[in-house]
Amino acid sequence: MKARTRAAALLLTPFFLLFTAVLVVPIGYAVWLSLFTEKQSGLGFGGAETVFAGLGNYTAALGDRAFREGFGVLLGYCLLYLPLLLAGALGLALLLDTALARARRFFQLALFLPHAVPGIIAALIWVYLYTPQLSPVVQAMEAGGVGFDFFSPGGALPSVVNIALWEWLGYNLIIFYAALQAIDRSVLEAATVDGAGAWRTAFSVKIPLLRGSLTMVGLFTVIGSLQLFTEPLILSRGTGSAVTSTWTPNMYAYSAAFDRNDYGLAAAASILLALTAALLSFAVTRLAAGKKDRKERTA
């Protein structure tokens, strides 16, 4: 028993050292940094000094309208992006799983390839496709009588959602397709024998069996949405877009740190965002567990 304990400790030590170095220490440093701020001494002619601010940076972030509006943007983003992602990825996975599908490996690879493109490169590609003077897509839309400004206040959010869908649809398609392949074929055969058609089998058999995968993808998508940064940052740079430097909470923290050199405020905003992500993760997990328990009790 002691030998097993020593072996387990030996194997787990590298993980805990790495976990502490890349997660615990940075979070601890961010918390410490958020409790201090820099102030000019005297009439402002002396150098800045670091003073203890307590929760001052947190109240400053929460009291800033730009920071609060960033969460409103994230809410709108999730309400638009999450249903489109889940429906699109699940629909394509079900389509590839049908007996009528051909060249499945080709379409899996083709749909997954956009995910291999780094986010900053994807954003730059779409900025080009959104720019009226450059984009053949916009020119074709205008020729067809369809006018849409991707950089306008009403078009900025759909523009970012479109980039995210292009990046992540194929990735989540692979997750759903793998889950579909893990379903016992005898269950599907039994549904067919009972007279269920393709649509009935998909909605009454396959989708209910994917509940765990749907919950996981939904949870990861919500957490990823809270970290929205790269795509709107590229759209905010020199495009005349309605996306500002504080459009999302992550962009607010970045602007506070590197535009205003207020690292305490940036750290506080980051901690508040991390707490929001943790609470949402807990809520989604508990909601999914509650539904599973109720289903088991009624079964």
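Biologist: Is Asn 172 buried or exposed?

Modeller: The model is predicted. Asn 172 has a relative accessible area of 6%. The cut-off for burial is under 20%. Asn 172 is therefore buried.

Biologist: Which helix holds Asn 172?

Modeller: Start with the neighbours of Asn 172. Leaving aside residues up to four places away in sequence, Asn 172 touches Leu 85, Ala 89 and Val 217. Asn 172 itself sits within residues 156–181, which form helix α7.

Biologist: What is the hand of the α3 and α7 crossing, and how many nonpolar residues does the contact have?

Modeller: The crossing of α3 and α7 is right-handed. Their contact has 4 polar residues and 1 charged residue. The count of nonpolar residues in the contact of α3 with α7 is 25.

Biologist: At what angle do α4 and α7 pack?

Modeller: Helix α4 covers residues 104–116. Its axis and that of α7 are 5 Å apart. That pairing counts as oblique, and the crossing is left-handed. The packing angle of α4 and α7 is about 135°.

Biologist: Which residues of α7 meet α4?

Modeller: From α4 come Arg 104, Gln 108, Leu 111, Phe 112, Pro 114 and His 115. The residues of this contact divide into 9 nonpolar, 3 polar and 2 charged. On the α7 side, the partners are Trp 166, Glu 167, Trp 168, Gly 170, Tyr 171, Leu 173, Ile 174 and Tyr 177.

Biologist: How close do the axes of α5 and α7 come?

Modeller: Helix α5 spans residues 119–130. It crosses α7 at roughly 130°. That makes α5 oblique to α7, with a right-handed crossing. Their axes come within 10 Å.

Biologist: Which residues of α5 meet α7?

Modeller: On α7, the residues involved are Ser 159, Asn 162, Ile 163, Trp 166 and Glu 167. By class, the contact has 6 nonpolar, 3 polar and 1 charged residues. The α5 residues that meet α7 are Gly 119, Ala 122, Ala 123, Trp 126 and Tyr 130.

Biologist: How many salt bridges does the count come to?

Modeller: Side chains of opposite charge can pair when their charged atoms come close. Arg 65 pairs with Glu 69, and Lys 206 pairs with Asp 97. The count of salt bridges comes to 2.

Biologist: How far apart are the closest N and O atoms of Arg 65 and Glu 69?

Modeller: Both residues lie in helix α3, residues 65–97, and sit 4 residues apart, about one turn of the helix. Residues three or four places apart in an α-helix point the same way, because the helix has 3.6 residues a turn. At 58% relative accessibility Arg 65 counts as exposed, while Glu 69, at 41%, counts as partly exposed. The closest N and O atoms of Arg 65 and Glu 69 are apart by 2.7 Å.

Biologist: Are Lys 206 and Asp 97 buried or exposed?

Modeller: Their salt bridge has its closest N and O atoms 2.8 Å apart. The pair links distant parts of the chain, with Lys 206 in helix α9 (residues 198–209) and Asp 97 in helix α3, 109 residues apart. Lys 206 has 9% relative accessibility, and Asp 97 has 7%. Since the cut-off is under 20%, Lys 206 and Asp 97 both count as buried.

Biologist: How far apart in space are Arg 211 and Ala 288?

Modeller: Arg 211 is in helix α10, residues 211–226. At 39% relative accessibility, Arg 211 counts as partly exposed. In sequence, Arg 211 and Ala 288 are 77 residues apart. In space, C-alpha to C-alpha, the separation is 8.9 Å.

Biologist: Which residues of α12 are buried?

Modeller: Helix α12 runs over residues 249–258. The buried ones are Pro 249, Met 251, Tyr 252, Ala 253, Ser 255, Ala 256 and Ala 257.

Biologist: What is the phi of Asn 261?

Modeller: Asn 261 is in the loop between α12 and α13. Most residues other than glycine have a negative phi. Asn 261 is not a glycine, yet its phi is positive, at about 55°.

Methods
Residues are numbered from 1 along each chain as its sequence is written. This is a predicted model: local features need pLDDT of at least 70, side-chain atom pairs count only at pLDDT 80 or more; totals for chains, interfaces and linings use all residues. Side-chain values use heavy atoms; hydrogens and water are left out. Helices (H or I, at least four residues) and strands (E, at least two) are DSSP runs, numbered from the N terminus. Buried means under 20% relative accessible area, exposed over 50%, partly exposed in between (1.4 Å probe, protein chains only). Contact means heavy atoms within 4.5 Å. Axes are lines fitted to C-alpha atoms, for helices over the stretch in contact, and angles run from 0 to 180 degrees between N-to-C directions. Angles under 35 degrees count as roughly parallel, over 145 as roughly antiparallel, 65 to 115 as roughly perpendicular and the rest as oblique. A crossing is left-handed if the near helix is turned anticlockwise from the far one by less than a right angle, and right-handed if clockwise. Ala, Val, Leu, Ile, Met, Phe, Trp, Tyr, Cys and Pro count as nonpolar, Asp, Glu, Lys and Arg as charged, and the others, Gly among them, as polar. A salt bridge is a side-chain nitrogen of Lys or Arg within 4 Å of a carboxyl oxygen of Asp or Glu.
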